[in-house]
Amino acid sequence: MGFEHMMTPVVQIRNSIRSRAKQLRTFKVLLEELPAEYGDLLLHTEIRWLSRGRIVLPFLSLLSEIKEFMQSRGEDAALLEDTAWTLDLAFLTDITGKRNSLNWELQGKDGAERQRFCM
């Protein structure tokens, strides 16, 4: 199973929101007004497994806020309303989260300390 059909739109939407300072400030204000778990979308580095986990979890958690923001700007948010795509994104989030946890656990004590520092 490939994950590009999920990651490509996630990266494009995230880049679209973060591409202009005014859009980013407007998005952050929206997140402050709503009871959002995260205050911003993380920067995305070249897609690696650890990076994927850190990108998709906040994106999935802020999905309704992102959809509302896109609709307020007149952008097409149909993909974010697609149940099959959302379930695939949730599955990817689960896989990468478990993989990240396992990776940190296998690194031992030093890995756990680095995880706390990086989170």
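User: Which exposed residues sit on the face of α2 turned away from its buried side?

Analyst: Ala21, Lys22, Arg25, Glu32 and Glu33. Keep in mind that this is a predicted model.

User: Noted. And which residues of α2 are buried?

Analyst: Gln23, Leu24, Phe27, Leu30 and Leu31. Looking down the helix axis, you'd find those buried residues within an arc of 120°, so they line one face of α2.

User: What do the buried residues of α2 pack against?

Analyst: Two helices: α1, residues 4-18, and α4, residues 63-72.

User: How many residues does α2 have, and how far does it reach?

Analyst: α2 runs over residues 21-33, so to speak 13 residues, and goes 18 Å from first C-alpha to last. That is close to the 18 Å expected at 1.5 Å a residue.

User: Which residues of α1 are buried?

Analyst: The list is Met6, Met7, Pro9, Val10, Val11, Ile13, Arg14 and Ile17.

User: Let's zoom out. How many helices and strands are there in the chain?

Analyst: There are 7 helices and 0 strands. Along the sequence the pattern reads α-α-α-α-α-α-α.

User: What share of the residues is buried?

Analyst: 33% of the 119 residues count as buried. As for the surface, the chain's accessible area comes to about 7,500 Å², with 54% of that belonging to carbon and sulfur atoms.

User: And among contacts between residues at least 6 apart in sequence, what fraction joins residues at least 24 apart?

Analyst: That fraction is 64%.

User: Which helices do Phe27 and Phe69 lie in?

Analyst: Phe27 is in α2 and Phe69 in α4, so the pair ties together parts that are 42 residues apart in sequence.

User: Are Phe27 and Phe69 buried or exposed?

Analyst: Both are buried. Phe27 already came up among the buried residues of α2, and α4 is one of the helices those residues pack against.

User: OK, new spot. Where is Ala36?

Analyst: In the loop between α2 and α3, the latter being residues 49-61. Ala36 has a relative accessible area of 23%, so it counts as partly exposed.

User: Which residues does Ala36 touch, leaving out those up to four places away in sequence?

Analyst: Leu31, Leu62 and Glu65. Leu31 is one of the buried residues of α2.

User: How far apart are Ala36 and Glu65?

Analyst: In sequence, 29 residues; in space, 7.8 Å from C-alpha to C-alpha.

User: Last one, Thr93. Which helix does Thr93 lie in?

Analyst: Thr93 belongs to α6, residues 83-106. Its relative accessibility is 11%, so Thr93 counts as buried, the cut-off being under 20%.

User: What does the side chain of Thr93 reach?

Analyst: The backbone oxygen of Leu89, at 2.8 Å.

User: And which residues is Thr93 in contact with, leaving aside neighbours within four places in sequence?

Analyst: Those would be Val56, Leu57 and Leu60.

Key:
Residues numbered from 1 in each chain as written. Predicted model: local features only at pLDDT ≥ 70, side-chain atom pairs only at ≥ 80, totals over all residues. Heavy atoms only, no water. Helix = DSSP H or I, 4+ residues; strand = E, 2+ residues; numbered from the N terminus. Expected span 1.5 Å × (residues − 1). Buried < 20%, exposed > 50% of the residue type's maximum accessible area, 1.4 Å probe, protein only. Arc of directions from axis to C-beta. Contact = heavy atoms within 4.5 Å. Areas by Shrake-Rupley, 256 points an atom, 1.4 Å probe, with all protein chains shown as cover. Polar contact = N/O pair within 3.5 Å; in protein donor to acceptor, adjacent residues only side chain to side chain.
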